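Please read this briefing alongside the sequence and the coordinates shown below. The points are grouped by topic, so that each element can be followed from its place in the fold to its contacts.

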Amino acid sequence: MGHSSGMPKVFITGLGFITSIGNDATTVGDSLRALRHGIVRYPPFDHPSVPVKVAAPVREFQTEAEDCEDWTLPARYRVRREVLRSLGPGSLYAHCALLQAIEDARLTDADVSNDGTGLYAASAGSPGILTRHVTRMHEQGVMRCPPLGIVASIAGTVQFNLVAHFKIKGASTGFSSACASSSHAAGFAHDEIALGRQHRMFVIGAEDGNVETILPFAGMRALSLNPDPDTASRPFDVARDGFVGTGGATVLVLESEAEVRRRGVTPYCELLGWGQASDGHNVAISHPEGAGLAHAMRRALQASGRTTAEVDHINAHATSTPIGDISECRALHAVLGAEAARVAVSSTKALTGHGLSLAGAMETGFCALALRDGFIPGSAHIHQLDPACAGLNIPRVTRPTAPRVVLNNSSGFGGANVCLVLQRA
Amino acid sequence: MPEPALPVAPSVGKTFPPEAEAAIRDSLKRCSSSTIEAAVGYRRDGDTRHLPAIIIGIVERFVEPDLRARLGTGDDDLRFVEDLGIDSLTMMEIVILVEEVAQLQIPNDDLRNLRTLSDVKTYIDCRARGLPPPKPSKFFAIEDLVALMPVQPPFLFLNEASVSAASASGKYKITGQEFFLQGHFKDNPVMPASIMLEALGQLGVLHLLAGHVVAEPGKVVGSGTIFFTGCEGVRAHRVCKPGDVLTLSIKPKRMKLPLATFEGSVRVGQEKAVMAEEITLTYGYVEAVVPVVALPPAETNGVGPNGANGLNGVNGSAHDPHDAPVTGRV
């Protein structure tokens with residue numbers, strides 16, 4: 001996790017997005033600047049027994065059918081049946097986002113497939129597909145299950161598929177720390193390069209973002225029951241009542257400085273380092289003082305050789321839940337001290353909703369766009385700031401200010417906290 | 001009970017409610033309409049003559065579009081892996097759909113012997129009629145051939161072979177290192193047609209030795225008793241040169257001690273090279289020696305050696321999950 005002299009620097013050189021606010025980097029950047037959200041009344045929640053009404057689904061893809069051959073995807077993507085049959089919706093989004101990221105980073109086939117290039121992914125698997133397979137097993141018999149049902153649905157499905165289909169030969173594994181998963185993936189991918197083990201890593205966060213991934217959170221009263229897409233996700237607002245679910249995929253291309261120089265590409269930003277710490281408190285409720293998150297931020301800054309005085313922007317984890325947002329505000333105060341009034345803190349989850357395993361990579365991608373294009377996204381949908389969040393600099397609109405150093409926070413079940421530190425290249 | 005007029009499968013045709021028909025139609029929705037009608041017809045009347053159309057239709061649905069034309073040639077010797085590009089996972093998908101439509105279960109042990117369209121058609125037909133499936137074709141890798149055959153390198157013209165009661169097929173790649181090519185011809189190596197006929201004869205020898213001949217009790221065909229006696233109707237159609245892969249196949253026509261007559265063909269890809277209407281070998285019996293160790297035939301494809309009913313990894317049975325079929329990657 002360290003950032004001492006002599007260790008290779010790590011840069012973000014490519015991005016791929018399939019998200020509720022855009023299916024390419026340009027559209028996503030435009031949405032962040034215009035604070036255009038991706039939340040809609042979600043038809044699968046229309047049933048009167050479902051109290052949740054909104055979600056932020058990806059656009060241009062139809063992946064609700066049981067049979068993947070009935071799915072539709074944007075014309076620019078062609079996925080052969082042989083590939084499609086082992087993909088859940090999230091893995092399909094990841095497949096498309098990886099194609100984008102490879103093109104964006106201008107990587108050749110040889111750059112993608114060699115023993116110095118690895119892939120770390122995070123997803124919750126595909127609970128919808130898993131459910132259908134297990135139901136079929138019980139109803140039709142053990143031997144009538146699709147042979148690739150496991151591969152398409154268990155938690156490692158994203159890396160199983162992408163590593164094989166893109167002929168990845170370096171390090172590969174998956175991360176499973178719920179909403180911190182893809183930040184963990186980015187952190188450990190950074191280390192693979194910083195330690196000289198790999199020269200390039202793909203980092204992928206993906207989620208199906210459908211009934212089966214979102215609605216189970218209703219039982220723990222974590223979802224917003226607000227039926228208005230324009231206000232349902234409002235981190236830091238006094239009236240926030242839970243998060244809005246989303247899905248999609250984001251791919252980050254991480255490369256060593258030597259590779260950046262060899263290929264002659266212009267990176268989005270540098271990934272300086274990262275830190276992690278755990279709350280040791282509750283399986284699903286964040287520590288009231290945000291102790292673990294504060295510790296993770298301090299470690300991240302230390303590992304990156306940066307001080308709070310150099311930080312201009314923090315992409316908060318804030319999911320729009322009553323308890324979680326306050327914990328994070330307390331952690332921010334604890335770490336930033338006097339800088340709290342200056343550092344711009346915003347939660348882009350007001351626009352996208354909460355992407356769970358996707359969130360960390362998606363928001364790191366947002367930070368990379370902000371660093372390259374010189375803006376700080378506003379924190380949308382705040383009509384009345386929660387007094388418990390007072391004292392922080394939470395911009396309501398996007399600012400055309402180029403940040404120098406940016407932090408991205410993520411927290412997951414069990415009290416896992418990750419903070420990534422990025423810097424203008 | 002009188003013999004049914006049609007070859008009716010005992011397991012189907014009794015009740016076929018509309019829901020079952022709808023389920024069949026849904027399961028086969030990506031197959032041709034003739035496949036769907038054949039399946040519905042089969043489930044309605046149990047007439048096993050529908051089965052070939054069902055099987056071809058289901059295979060066609062899983063074959064990549066650019067290879068589908070091959071299915072239209074009516075060649076039942078098409079191999080799933082080599083000719084139709086179907087990997088072992090796709091084979092599982094085909095099997096699951098066939099099982100669902102034909103209302104039967106195909107055990108893993110049987111599945112691994114189904115290598116060609118003809119294997120599958122025969123197997124499903126027997127199963128649907130409640131008959132024992134035919135003895136599966138046995139695969140022989142080069143080391144199996146060297147161990148079994150009386151003829152040896154450098155005069156063995158089979159690299160691999162597969163033998164069932166009704167046929168045998170084999171492969172031979174002309175390497176260019178064959179000693180006789182130095183003189184046949186000067187600066188122009190061409191595989192002699194007589195040698196290709198010899199290769200067909202060798203396949204006939206293998207067929208006789210592979211255990212499909214019903215001998216007298218306690219006796220087997222002796223490998224030292226087999227010799228060439230004659231051939232009829234031989235035509236050479238194509239010059240074969242180093243690099244060509246010969247696909248050899250024979251089918252027994254008559255088998256009556258001491259003479260076994262086969263028809264045979266040699267192809268390169270889809271092109272005919274040599275056709276022989278009859279190749280006749282003479283053979284005899286010797287006392288059977290009880291083998292100390294029975295060597296199983298080599299594995300023929302990606303389907304693993306798991307003989308259990310596939311519960312691995314599902315119910316935590318005693319089987320090592322690493323023996324699971326198909327992927328070996330559990």
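**A buried loop residue and its surroundings**

A:Ala180 counts as buried because it has 32 C-beta neighbours inside 10 Å, where 20 or more are enough for that label. The model is a predicted one.

*Around A:Ala180*

- When its neighbours within four places in sequence are left aside, A:Ala180 is in contact with A:Gly360, A:Ser410, A:Ser411, A:Gly412, A:Ala416, A:Asn417 and A:Val418.
- Between the C-alpha atoms of A:Ala180 and A:Thr26, which are 154 residues apart along the chain, the separation is 25 Å.

*The ten-stranded sheet of chain A*

- Ten strands of chain A make up an open sheet with mixed pairing, in the order β5-β4-β6-β7-β1-β8-β12-β11-β9-β10.
- At its edges lie β5 (172–175) and β10 (344–346) of chain A, each of which pairs on one side only.
- On average, and with direction ignored, neighbouring strands of this sheet are turned by 25 degrees against each other.
- Helix α8 (residues 181–194) of chain A packs on the sheet, where the strands touched are β1 (10–18), β4 (117–122), β5, β6 (200–207), β7 (248–256), β8 (269–278), β11 and β12 (416–424) of chain A, and the direction of α8 makes about 175 degrees with that of β6(A).

*Strand β11(A) and its partners*

- Strand β9 (residues 311–315) of chain A runs parallel to strand β11 (residues 405–412) of chain A and is joined to it by four bridges; A:Asn315 stands opposite A:Asn408 in β11(A).
- With β12(A), by contrast, β11(A) pairs in the antiparallel sense over eight bridges, and A:Ser411 has A:Asn417 in β12(A) as its bridge partner.
- These two strands, β11(A) and β12(A), form a hairpin with three residues between them, and A:Gly414 in the turn has a positive phi of about 80 degrees.
- In a regular strand, side chains alternate between the two faces of the sheet.

*Nonpolar cores*

- The largest nonpolar core has 114 residues, and those with the most contacts inside it are A:Ala94, A:Val203, A:Ile204 and A:Val251.
- Helix α14 (residues 359–373) of chain A gives the most to this core, contributing nine residues.
- Apart from its neighbours within four places in sequence, A:Val203 is in contact with residues including A:Tyr120, A:Ala185, A:Ala189, A:Val251, A:Leu254 and A:Ala361.
- A second, separate core of 35 residues includes B:Phe157, B:Leu158, B:Leu200 and B:Val205.

*Helix α5 of chain A*

- The 14 residues of helix α5 (residues 127–140) of chain A should span 20 Å at 1.5 Å a residue, and the end C-alpha atoms are 19 Å apart, which agrees.
- Just after α5(A), A:Gly141 takes a positive phi of about 115 degrees.

*Chain B*

- Chain B has nine helices and nine strands, and buried residues make up 33% of its 330 residues.
- Of the contacts in chain B with a separation of 6 or more, 63% are accounted for by residues 24 or more positions apart.

Terms used
Residues are numbered from 1 along each chain as its sequence is written. Chains are lettered from A and ligands numbered from 1 in the order in which they are written. This is a predicted model: local features need pLDDT of at least 70, side-chain atom pairs count only at pLDDT 80 or more; totals for chains, interfaces and linings use all residues. Two strands pair if DSSP finds at least two bridges between them. Axes are lines fitted to C-alpha atoms, for helices over the stretch in contact, and angles run from 0 to 180 degrees between N-to-C directions. Two residues are in contact if their C-beta atoms, placed from the backbone, lie within 7 Å. A residue is buried if 20 or more other C-beta atoms lie within 10 Å of its own, exposed if 12 or fewer, and partly exposed in between; C-beta atoms are placed from the backbone. The expected span of a helix is 1.5 Å times one less than its number of residues. A nonpolar core is a set of buried Ala, Val, Leu, Ile, Met, Phe, Trp, Tyr and Cys residues joined through C-beta atoms within 7 Å.
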